Amino acid sequence: MTKLSETQTIILSRAAQNKDRIALPLPDSLRGGAAAKVVGAMLTKGFLEEVEADMRKGEPVWRETGDAHGVTLIATDAGLAAIGIKPEDSNTAPAGATDAPTDTLAQDVPTEPEAAPKTRTPREGTKQATLIAMLRAPDGATIEEIMAATGWQSHTVCGAMAGALKKKLGLEITSEKVENRGRVYRIER
């Protein structure tokens, strides 16, 4: 199964509940450029399709084409498959669709697990490399020591440890209070 963001899952789930598979309205939290980015990615992956909106039926409009017509978004068979739903009848076209979704779209969705992401390694001589070296030292490092070595403020040091080291690089950082030194941080080996 394809890995989807929470927002993409919500959009496809709502569309699956509609008879015509219309993916509108989008979640209230998704507006402007963020909406365009999420929908663009879903169109590229083949999870959504733009079709002419039937204005007489009052179908919601994703974007206007400029000639008093609009385009709406529908979930494709691949989109439904991505959330684990098998289409009831894959040969029927949703309202306004010029071509029925085909089984070829569903085949575009990778069925085998995706390769593990490439392991990130920091460049030599960067502040991040300095931070990692300090944390790998047997004595570890305090926030103040890291601030002095990198020129960062304390919130930047904490953010780098939580974001870059823990989340992106997957390193396990521990801390303990050491008498006469304060809280000391280390990377577990």
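**Ground rules.** I number residues from 1 along each chain as its sequence is written, and I use heavy atoms for side-chain values, leaving out hydrogens and water. As the model is predicted, local features need pLDDT of at least 70 and side-chain atom pairs count only at pLDDT 80 or more, while totals for chains, interfaces and linings use all residues.

**Overall layout.** I looked up the secondary structure and found 7 helices and 5 strands. These are DSSP runs numbered from the N terminus: helices are H or I with at least four residues, strands are E with at least two. Along the sequence the pattern reads α-α-β-β-β-α-α-α-α-α-β-β. The chain has 189 residues, and 36% of them are buried. I take buried as under 20% relative accessible area, exposed as over 50% and partly exposed as in between, with a 1.4 Å probe and protein chains only. The accessible surface (Shrake-Rupley method, 1.4 Å probe, with only the protein chains shown counting as cover for residues) is about 12,200 Å², and carbon and sulfur atoms hold 49% of that. Of the contacts with a separation of 6 or more, 54% are between residues 24 or more positions apart; contact means heavy atoms within 4.5 Å.

**Helix H1.** I checked its length: 12 residues span 17 Å from first C-alpha to last, close to the 16 Å expected at 1.5 Å a residue. The expected span is 1.5 Å times one less than the number of residues. Gln-8, Ile-11, Leu-12 and Ala-15 are the buried residues of H1. They cover an arc of only 90 degrees around the axis, so they sit on the same side of H1; the arc is taken from the directions from the helix axis to the C-beta atoms. Exposed Glu-6 and Gln-17 are on the face turned away from the buried side. The cover over the buried residues of H1 includes H2, S1, S3 and H3.

**Cores.** A nonpolar core here is a set of buried Ala, Val, Leu, Ile, Met, Phe, Trp, Tyr and Cys residues joined through side-chain atoms within 4.5 Å. The largest has 23 residues, and Ile-11, Leu-12, Leu-26, Met-42, Phe-47 and Leu-48 touch the most other members. At least two residues come from each of H1, H2, strand S1 (48-52), strand S3 (70-75) and H3. H2 gives the most, with 4 residues. I followed Leu-48 past its neighbours within four places in sequence; its contacts include Ile-11, Leu-12, Val-39, Met-42 and Leu-73. A second, separate core of 17 residues includes Leu-135, Ala-141, Trp-152 and Met-161.

**Salt bridges.** I found 3 of them, each a side-chain nitrogen of Lys or Arg within 4 Å of a carboxyl oxygen of Asp or Glu.

- Arg-21 pairs with Asp-77 at 2.8 Å. Arg-21 is in the loop between H1 (6-17) and H2 (32-45) and Asp-77 is in H3 (residues 77-82), so the pair ties together parts 56 residues apart in sequence. Arg-21 is buried at 9%, and Asp-77 is buried at 3%.
- Glu-145 pairs with Arg-181 at 2.9 Å. Glu-145 lies in H6 (residues 143-150) and Arg-181 in the loop between S4 (173-178) and S5 (182-187), so parts 36 residues apart in sequence are tied together. Glu-145 is partly exposed at 30%, and Arg-181 is partly exposed at 30%.
- Arg-186 meets Glu-176 at 2.5 Å, N to O. Arg-186 is in S5 and Glu-176 in S4, 10 residues apart. Glu-176 is partly exposed at 39%.
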